[in-house]
Amino acid sequence: MSFPETEILNQLITRVLRIEDVTSLDPHQPPGFLMRYRGQLLDEDSASAYDLLADLLAPYNLSPHFRLEDGRHIIYLAPKQPDPKPDNISTNVILFVLTVLSVMLAGVQIDGPLPTDVLGQMLILAKNIFTGWPFALSLLGILLSHELGHYFMSRYHKTPATLPYFIPFPFSPLGTMGAAILMRGIPKNKRVLFDIGVAGPIAGLVVAIPVLLYGLTLSTLGTIDPNPNGFLEGNSLIYLLAKLVVFGQLLPAPVEPQGILYWLQYFFTGRPVPFGGLDVFIHPVAFAGWAGILVTALNLIPAGTLDGGHVVYSLFGEKAKKAFPYIVGLLIVLGVFWSGWWLWAAMLFWLGRVNAQPMDQITELDPVRRTIAYAMIVVFVLVLTPVPFMLLAP
């Protein structure tokens, strides 16, 4: 459709905005806006104002973008983005099948020592691959719930998104690097961005916590002994609580009773490893639940386009970016005790400085969503595992 006359656009904008000035812009310059209107919205309900204006502009193939600058409401007009092409789901299916096989390999249960040669090890793993189904079913169920939470919330808000892409990682402790969906459209406002961002962690935890508790009932207690090839899974507050619920004590329990300073040191540094103490010999199902909680913690890191980044940006807006250097700095410090945090710090420094920018940046979270947002910050504290893995080398 042809671009309408300025007078027609002005009449449409006056339905929602008391115009103070109008500026024509160069659509060939980023971010590709055509017009800018500055003034004050006529209705305090900016979400309804946006919906009204979007409907009025739809016949002209234009989209409004709401901004707040220096206390004034700004409306930019831009060409409406074309609908994304249909996805070819064959890639999703292939990656999912490969991930299932990879995770089953990670969960293989073998009685007796492994052969020393690589070929022999591969044959044993292949022969026993179906023993890994409890771990694979549990972990993939958690990851799938997390990603489908994002996907169905995107569909609910009519924001285009892909189906989940699972990432196989053979011969690793978990067999996967997780999964992700890609948003193929811009969220309408912060409420939509928040809903999509928070739906994944909530859906994942709804599955992960029961899986963890059930897996712990299948687990046994034993003594922590040095093992050059072994490791001890790290603790989050929610994992400590789950072990307390199932076993009636804080684990791992050192040989001698310790005070709060010991637990704080152990929780944040993983040191010293309590050799000779008591801990859970974790069942594969419990390990899957523990891994699901770890994945939730990683996704809830409050930066960039991670789920936690969506939550804090929706809650605090541009102010959330001020916390970014402190978050990266904290990860660098935690990397002293688990080097994997240095990789995450590098990834965030490379990819995490960009936040999703909704079409309507004026509309804030409503009280219910704000309460949920603060609750998710508390959840992040509960699921954070400062030292995910501790080696049992003497």
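Buried residues (under 20% relative accessible area, with exposed meaning over 50% and partly exposed in between; 1.4 Å probe, protein chains only) make up 47% of the 394 residues in the chain. This is a predicted model, so local features are reported only at pLDDT of at least 70 and side-chain atom pairs only at pLDDT 80 or more, while totals for chains, interfaces and linings use all residues. Residues are numbered from 1 along each chain as its sequence is written, and side-chain values use heavy atoms, with hydrogens and water left out.

As for the overall build, the chain has 13 helices and ten strands, taken as DSSP runs numbered from the N terminus (helices H or I, at least four residues; strands E, at least two). The C-alpha trace spans about 80 × 50 × 30 Å along its principal axes. Counting contacts as heavy atoms within 4.5 Å, and looking at those with a separation of 6 or more, 73% come from residues 24 or more positions apart. The accessible surface, from the Shrake-Rupley method with a 1.4 Å probe, comes to about 20200 Å², and carbon and sulfur atoms hold 66% of that.

Next, the interior. A nonpolar core here is a set of buried Ala, Val, Leu, Ile, Met, Phe, Trp, Tyr and Cys residues joined through side-chain atoms within 4.5 Å. The largest one has 57 residues, and Leu139, Ile301, Leu348 and Val383 touch the most other members. Helix 9 supplies the largest share of this core, eleven residues. Apart from it lies another core, of 20 residues, including Leu9, Leu41, Leu53 and Leu77.

Helix 10 (residues 307-316) is mostly covered, with nine of its ten residues buried. The buried ones are Asp307, Gly308, Gly309, His310, Val311, Val312, Tyr313, Ser314 and Leu315. Their cover includes helix 5 (133-156), helix 6 (190-218), helix 9 (284-299) and helix 13 (367-383). Just after helix 10, Gly317 takes a positive phi of about 65 degrees.

On to the charges. Side chains of opposite charge can pair when their charged atoms come close. With a salt bridge taken as a side-chain nitrogen of Lys or Arg within 4 Å of a carboxyl oxygen of Asp or Glu, the count comes to eleven. One of them joins Arg72 and Asp21 (3.5 Å, N to O). Arg72 sits in strand 4 (residues 72-79) and Asp21 in strand 1 (residues 17-24), so this pair ties together parts that are 51 residues apart in sequence. Arg72 is partly exposed, at a relative accessible area of 25%. Both residues also belong to a network of salt bridges that links Glu20, Asp21, Arg38 and Arg72.

Another salt bridge, between Arg184 and Asp87, has an N to O distance of 2.2 Å. Arg184 lies in the loop between strand 6 (176-180) and helix 6, and Asp87 in the loop between strand 4 and helix 3 (90-106), so parts 97 residues apart in sequence are tied together. Arg184 is partly exposed at 34%, and Asp87 is partly exposed at 34% too.

Asp279 and Lys243 also meet in a salt bridge (3.9 Å, N to O). Asp279 belongs to strand 9 (residues 278-281) and Lys243 to helix 7 (residues 237-247), so the pair ties together parts that are 36 residues apart in sequence. Asp279 is buried, with a relative accessible area of 2%, and Lys243 is buried at 0%.
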